Amino acid sequence: LSMVTSQRPAFKAMASSDDHEAARQVALAEAIWEFELDEGGAEDQCHVAAERSQVLGEGWVYVGWDPNKGEITGIDPGEPVEQDDGSIVEPTPRPIRSGALTIETFSPADVARRTTNKALGELDWIIVRRSRNKWDLAAIYSELSDDIVAHDTGSQSYTPFTSFLASDGDTEDTVATLELFHDRTPAVPNGRHTVILGDIVLFDG
């Protein structure tokens, strides 16, 4: 393991053309990658994935985009919501943030995929089980907040691999979401990204 992780992950940006703008974008991409290695925790997560791969046979690194992180760039006033009784509920203004990468590591038990594929590049879909705070989800998906808060955490318990090694503390507010990533295929020409909590569809696009 120490031999594998002794050197930093070395990804090199490649330009699709040889003009000045492409060269500038290559330099920017490599600077962003260096920042994520140093400040974003990417290097640490790659090391954890390598360790899990050695112990469990596989280690997965999830790299997503969280629009709710980063610096505040503005305020979203929201829109009033009409209730069933005709009353109007005024929205609570929410900050608009610049967004940031979110990087997590998963064991094989957290990643569902077709195991008969001979190579990972042949996978056209994958489902990741992620641990989320239900109160944060209720704030993000405010139109579904009542259903999210009422979700029974015991009905879909989240037991990460690390819980077998050490106590993860109180998990009363922790829920497991399932996140589907489907590649572009003839059957799904635009691809698909879906996030669910139990039978609640949080996002589908």
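The legends below describe close-up views of a predicted model of a single chain.

**View 1. Overview of the chain and of the confidence in the predicted model.** The chain has 5 helices and 11 strands, and buried residues make up 25% of its 205 residues. Among contacts between residues at least 6 apart in sequence, 57% join residues at least 24 apart. The mean pLDDT of the chain is 83, with 89% of residues reaching 70 or more; confidence is lowest in helix α1 (residues 2-5), where the mean is 68, and highest in strand β10 (residues 192-197), where the mean is 95. Over residues 163-169 the pLDDT is below 50, and this stretch has 4 contacts in the model beyond near neighbours in sequence. Where pLDDT is low, the predicted coordinates should not be read in detail.

**View 2. The salt bridge between Glu 104 and Arg 130.** The closest N and O atoms of this pair are 2.4 Å apart, and the two residues, 26 apart in the chain, link strand β6 (residues 100-106), which holds Glu 104, with strand β8, which holds Arg 130. Both Glu 104 and Arg 130 are buried; Arg 130 counts as buried because its relative accessibility is 7%, under the 20% cut-off. The side chain of Arg 130 also makes a polar contact of 3.2 Å with the side chain of Tyr 62. Glu 104 and Arg 130 belong, together with Glu 179, to a network of salt bridges, and the structure holds 7 salt bridges in total.

**View 3. The salt bridge between Asp 124 and Arg 114.** Here the closest N and O atoms are 3.6 Å apart, and both residues lie in the loop between β7 (111-112) and β8, at positions 10 residues apart. Asp 124 counts as partly exposed, at 25% relative accessibility, and Arg 114 likewise counts as partly exposed, at 36%.

**View 4. The salt bridge between Asp 204 and Arg 192.** The closest N and O atoms of the pair are 2.8 Å apart. Asp 204 is partly exposed at 43% relative accessibility, and Arg 192 is partly exposed at 42%.

**View 5. A nonpolar patch on the surface.** Val 61, Val 63, Trp 65 and Leu 101 form this patch, with about 380 Å² of accessible area together. Strand β1 (residues 60-66) gives the most to the patch, with 3 residues. Val 61, which lies in strand β1, counts as partly exposed at 37% relative accessibility.

Conventions. Residues are numbered from 1 along each chain as its sequence is written. This is a predicted model: local features need pLDDT of at least 70, side-chain atom pairs count only at pLDDT 80 or more; totals for chains, interfaces and linings use all residues. Side-chain values use heavy atoms; hydrogens and water are left out. pLDDT is the predictor's confidence in each residue, from 0 to 100. Helices (H or I, at least four residues) and strands (E, at least two) are DSSP runs, numbered from the N terminus. Contact means heavy atoms within 4.5 Å. Patches are made of residues with over 30% relative accessible area and no salt bridge: like charges are joined within 9 Å, nonpolar side chains (Val, Leu, Ile, Met, Phe, Trp, Tyr) within 5 Å. Accessible areas come from the Shrake-Rupley method with a 1.4 Å probe; for residues, only the protein chains shown count as cover. A salt bridge is a side-chain nitrogen of Lys or Arg within 4 Å of a carboxyl oxygen of Asp or Glu. Buried means under 20% relative accessible area, exposed over 50%, partly exposed in between (1.4 Å probe, protein chains only). A polar contact is a pair of N or O atoms within 3.5 Å; within protein, one must be able to donate a hydrogen and the other to accept it, and residues adjacent in sequence count only if both atoms are side-chain atoms.
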